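Student: I have not looked at this structure before. Could we go through it by question and answer?

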Amino acid sequence: MDAQGNAGSSTDHLVISSDPEHPANHICTLCRNFYGLGWVTGTGGGISIKKDAHIYIAPSGVQKELMQPLDIFIMEHATRNYLRKPPILKPSACTPLFLAAFDRGAGSCIHTHSQWAVLVTLLVEKDALAAGKSVAASCFEIEQIEQIKGIPKGRAKTGMLGYFDRLIVPIIENTAHEEDLTQSLEAAMEQYPDTYAVLVRRHGVYVWGDSVSKAKTQAESLDYIFRLAVEMRRLELPWIP
């Protein structure tokens, strides 16, 4: 029986492993770490890992720091059919957005409710309104920050961004329901094909990578940059020198 009181099932073998790198174990470990960072507070946020033909997904509406491998959903990528659905629990509302990343070659996708990500979207909105520009067309942009080197140059490109490169992260508008973000997220991915992240105004951020380790390091790098950007604005320092 898992932490949510769910009884065992014939699909438990898909998530039971002594290997800490098994997606079901890895998701639980990462969610505990993310909770400590304030990224998945109050059951918010989530993570999904693709391994071979299967997608492992954290459930919706659970305390992420208490999650157990038996709580994990598994979907077959090609058919979108669930191979494992824990009783009582609900599939993540982020699933359609995770799939958008996997359809573009990602190996993992992380969604956080980072306060720094939220604040950055509000600062970009404030700047656009003050300049009489379109809020909807505005992105978060910053350069000449060392941590930018933690972000890849883009899909089908080799290497990482450099110190003098400009990091651009598109921002989409929030919706009442998570799954309703899918269309605008996909549109941002098409408009900015080199991005590995999309901010959601007043909500958080989606970050993906070729592997779970790359998605994690990119999420950490971006959160550092978002926090730095907020503090820079407090000190009246420009994001673009």
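Student: How many of the eight residues of helix 2 (residues 95-102) are buried?

Tutor: The model is a predicted one. A residue is called buried when its relative accessible area is under 20%. The buried residues of helix 2 are Thr95, Leu97, Phe98, Leu99, Ala100, Ala101 and Phe102. Helix 2 is therefore mostly covered, and the number of its buried residues is seven.

Student: Where is glutamate 178, and is it buried or exposed?

Tutor: Glutamate 178 sits in the loop between strand 8 (171-172) and helix 4 (182-191). Its relative accessible area is 15%, and the limit for a buried residue is under 20%. Glutamate 178 is therefore buried.

Student: Which residues is glutamate 178 in contact with, leaving aside its neighbours within four places in sequence?

Tutor: Contact here requires heavy atoms within 4.5 Å. With the neighbours within four places in sequence set aside, the residues in contact with glutamate 178 are Ala93, Cys94, Leu97, His111, His203 and Tyr206.
One of these, Leu97, is also among the buried residues of helix 2.

Student: How many disulfides does a search of the whole structure find?

Tutor: A disulfide needs a pair of cysteine sulfur atoms within 2.5 Å. For cysteine 28, the nearest cysteine sulfur belongs to cysteine 31 and is 6.9 Å away, and cysteine 28 is in no disulfide. Cysteine 94 is in no disulfide either, as its nearest cysteine sulfur, that of cysteine 109, is 8.2 Å away. Over the whole structure, the number of disulfides found is zero.

Student: Is cysteine 94 buried or exposed?

Tutor: The relative accessible area of cysteine 94 is 5%. Buried means under 20%, so cysteine 94 is buried.

Student: How do helix 3 (residues 115-131) and helix 5 (residues 212-234) lie relative to each other, parallel, perpendicular or oblique?

Tutor: Helix 3 and helix 5 pack at an angle of about 50°, and their axes are 9 Å apart.

Student: By class, which residues make up the contact of helix 3 with helix 5?

Tutor: On the side of helix 3 the residues are Trp116, Ala117, Leu119, Val120, Leu123 and Asp127. They meet Asp223, Phe226, Arg227, Ala229, Val230, Glu231 and Arg233 in helix 5. By class, the contact has eight nonpolar, no polar and five charged residues.

Student: What is the phi of threonine 43, and where is threonine 43 found?

Tutor: Threonine 43 is not a glycine, yet its phi is positive, at about 75°. Its relative accessibility is 30%, so threonine 43 counts as partly exposed. Threonine 43 is found in the loop between helix 1 (23-37) and strand 1 (46-51).

Student: Which value does phi take in alanine 156, and is alanine 156 buried or exposed?

Tutor: Alanine 156 lies in the loop between strand 6 (140-143) and strand 7 (166-169). Its phi is near 65°, a positive value in a residue other than glycine. With a relative accessibility of 86%, over the 50% limit, alanine 156 counts as exposed.

Terms used
Residues are numbered from 1 along each chain as its sequence is written. This is a predicted model: local features need pLDDT of at least 70, side-chain atom pairs count only at pLDDT 80 or more; totals for chains, interfaces and linings use all residues. Side-chain values use heavy atoms; hydrogens and water are left out. Buried means under 20% relative accessible area, exposed over 50%, partly exposed in between (1.4 Å probe, protein chains only). Axes are lines fitted to C-alpha atoms, for helices over the stretch in contact, and angles run from 0 to 180 degrees between N-to-C directions. Helices (H or I, at least four residues) and strands (E, at least two) are DSSP runs, numbered from the N terminus. Ala, Val, Leu, Ile, Met, Phe, Trp, Tyr, Cys and Pro count as nonpolar, Asp, Glu, Lys and Arg as charged, and the others, Gly among them, as polar.
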